[in-house]
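Hi there,

Here is the structure I promised to pass on. Have a look at it first, and my notes follow just below.

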Amino acid sequence: MKNKLFTLLLFLLSATTMMAGNDVKNAQALAKRLLPKQASAFIFEKMDADSDVFTLQSRGGKIVISGNNANSMAVGLNYYLKRYCLTTISWFKDDPIEMPQTLPMIDGTLKIKARMPMRFFLNYCTYGYSMPWFQWADWERLIDWMALNGVNLPLAITGQESVWYNVWRKYGLSDEEIRSYFTGPAFLAWHRMCNIDSWHGPLPMSWLKSQEALQKRIVARERELNMKPVLPSFAGHIPAALLRIYPHLMATKVTDNQGGWGNFKDHEKYNCTFLNSIDPLFVKIQKDFLQEQTRLYGTDHIYGLDPFNEVDPPTLNVDSIGMISKNLYESLAKADKDAVWLQMAWTYYYKKYWNGDRQRALYHGAPQGKMILLDYFCENKELWRQNQSFFGQDYLWNYLGNFGGRNRLVGPTKRIFNRIDSVFVEGGKNMKGVGATLEALEPDIFPYELTLEKAWEIPENITAWQDNLADRHIGFVSEKARHIYSNYFNKVLEVNWSPYSSTFIENRPTLRSWMKKRMPNDETVIPTYFDIVKLWREMTTITSDRDAYKLDLVNIGRQAMSDYFVTIWLKYKLAYQLQDVEQMRAIGKQMIEVLNDYDALLGCHPTFSMERWVNAAKDLGSTPEEKQYYERDARTIVTVWNNNLSGLNDYSERAWAGLVHSFYIPRWQLFIDTTIQSRLEGKDWDENAYAKESFATEEKFANNETPIVYPKAQDPVLLSKKLLQKYFSAPAFQGE
């Protein structure tokens, strides 16, 4: 008996040592990937702890980072890099990692604990607006960034089409029926959210195979870094062709109150078919899908399930909603007894009929502790304050930040800082953490870094945090730079997102009022056009070679140029109203000149270029036909989006070099030409006719029929100074 007990203890000790060794090994591998020249200067050690924690100290000329697991060690490494080395690591693989010549030593021992156990990252839409063309090198950097920022609940939906392909083949559907049910790669996010079918289908078989292989690497690496990938589940979305085999299914077309999600032309072709959760086949499909997915990708028992995203449920009856929710959860539990249901609370913000009673019924369909809600858009509206903290179910506070990757200057760091502190104190014991639900990976990464950092007991106030970001964006400590960046944070970025939904240049031209109402409140500073111009000028006085500084400079400058363009458009509109054709011609010429300069400024940094997006899409193709197919998909989503004049046009508008020259400028030129022609004929401009004519040329661009011309790269500081002198030398732009 003693020998058996000794053997058992020896086994447990060996297993524990091996697990600790894996954490250290995985943290070391991360450091080597990111910092190959400095990796040997870091020592990682495993420490025992009941919750996430890391410590930093210097020992024998080395930096020693201890943590309870590899994820905490990565957060510790990132803390050291940001606070001591003034180094920022981007989520884009091509952005440089700039390190000091000598690694700074640490006085004493710093210990920081996590105050929230869950840190979520990604959004279904991110997979369409930023990541459809990601290959392993892109994912490897993004996963490392997630680990550095403590993410342990990443949304992991790559490769699910391969799972569904195998399941639907089992149910008797043909290869063509299944692949035609899928959308093109950039639109799969909305197929996965039960919004659209078939748009830009059929999906190539080579895509399914490559994404399956990619997902296996993604979830393996995420698990190495102590993350629990959130995998998809069956929410009721089926191919319409399944009714050929099962004609008596309780299935309906899912619509919204316009008849079809997204206002597609011939929307019946693209509307999704939804299987009622009480149909006996529902549970069987759920089980088959989860078993096949687990076979391919494993499971951590947390599943994304979003049954009514931006579409109307089959009923608004409270009891019926509760029954549907109970059926959905039970379908998960019957397939995986440890299943936890994670869902976006976005639709309960977006669709106003989701009142408290209906939300309560939906959330109580799962037992307590078996559902996680994502409070999706908390910088704008915190649902937890209005629905009694999600009626007791676990939830996470999330910063959304952007819709469609639209690049308006917004980054309310003070609002994020204060609201997370408030929900931590007031939000109840079921508030389990924070997350970022961004629709696209945007140039300004720091609001997302701050959101995730607030899950830890970081000993800083917001001013110190902002000062550190200024230091690491320029690479050294400068009181002057800190003051300039303070103006950036507090006079420009600290705004409520809602009034800033889009930028002007990238919208289809109009003569109607464009600027949405700006609604200040006690938390909102509304930047003036002059604030942004002044900031841009101040930024050019900083001397720095840091890539992050150059990106900030271009980012601020493009917003100043965009706002300046609005003032020129207002003059053009007045000339139109006065029927002064000569002034219209002169101002129209000036508008095109500003747009060309805008395009040139964007070309100063690769983050603001269409070239990276298009090349990444084409690189996934193994044949000329596939390259054309992927490029068409990439062009379409950032321009027309669908096949009809609708609110989805320009939803993912981008301030990108090349796109401005080859897509937006021709559209503005057509606007100028048609408005002038209308005045020459003594008529009012027909905006509807113009929109139809413009959309026809836009579709040609989306269909690869228009070449993309990119500007020649220039030095961003020199070009900024030139443009400031050219457009903003008047005394009005010089004062305080």
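Trp-613 is buried, because its relative accessibility of 7% falls under the 20% cut-off. Please keep in mind that this is a predicted model. The ring of Trp-613 meets that of Trp-133 with the centres 6.0 Å apart; the planes stand at 70 degrees, so this is an edge-to-face pair. The two are 480 residues apart, with Trp-133 in the loop between helices H3 and H4 and Trp-613 in helix H23. Trp-133 is buried as well, at 2% relative accessible area.

Trp-133 also pairs with Tyr-630, in a tilted arrangement with 5.9 Å between centres and 55 degrees between planes. Tyr-630 belongs to helix H24, so this contact ties together parts 497 residues apart in sequence.

The aromatic pairs come to 70 in total. Some of them join into a cluster, whose members include Tyr-129, Trp-190, Trp-261 and Trp-641.

Next, strand E5 (residues 118–121). Met-118 and Phe-120 point one way and Arg-119 and Phe-121 the other, and all are buried. E5 pairs in the parallel sense with E15 over 4 bridges, and likewise in the parallel sense with E6 over 2 bridges. Phe-120 has Gly-435 as its bridge partner in E15 and stands opposite Leu-153 in E6.

Finally, how many disulfides are there? The count is 0. For Cys-125, the nearest cysteine sulfur is that of Cys-194, 13 Å away.

Happy exploring!

Notes:
Residues numbered from 1 in each chain as written. Predicted model: local features only at pLDDT ≥ 70, side-chain atom pairs only at ≥ 80, totals over all residues. Heavy atoms only, no water. Disulfide = S-S within 2.5 Å. Buried < 20%, exposed > 50% of the residue type's maximum accessible area, 1.4 Å probe, protein only. Pairing = 2+ DSSP bridges. Phe/Tyr/Trp six-rings, centres within 6.5 Å; stacked < 30°, edge-to-face > 60°.
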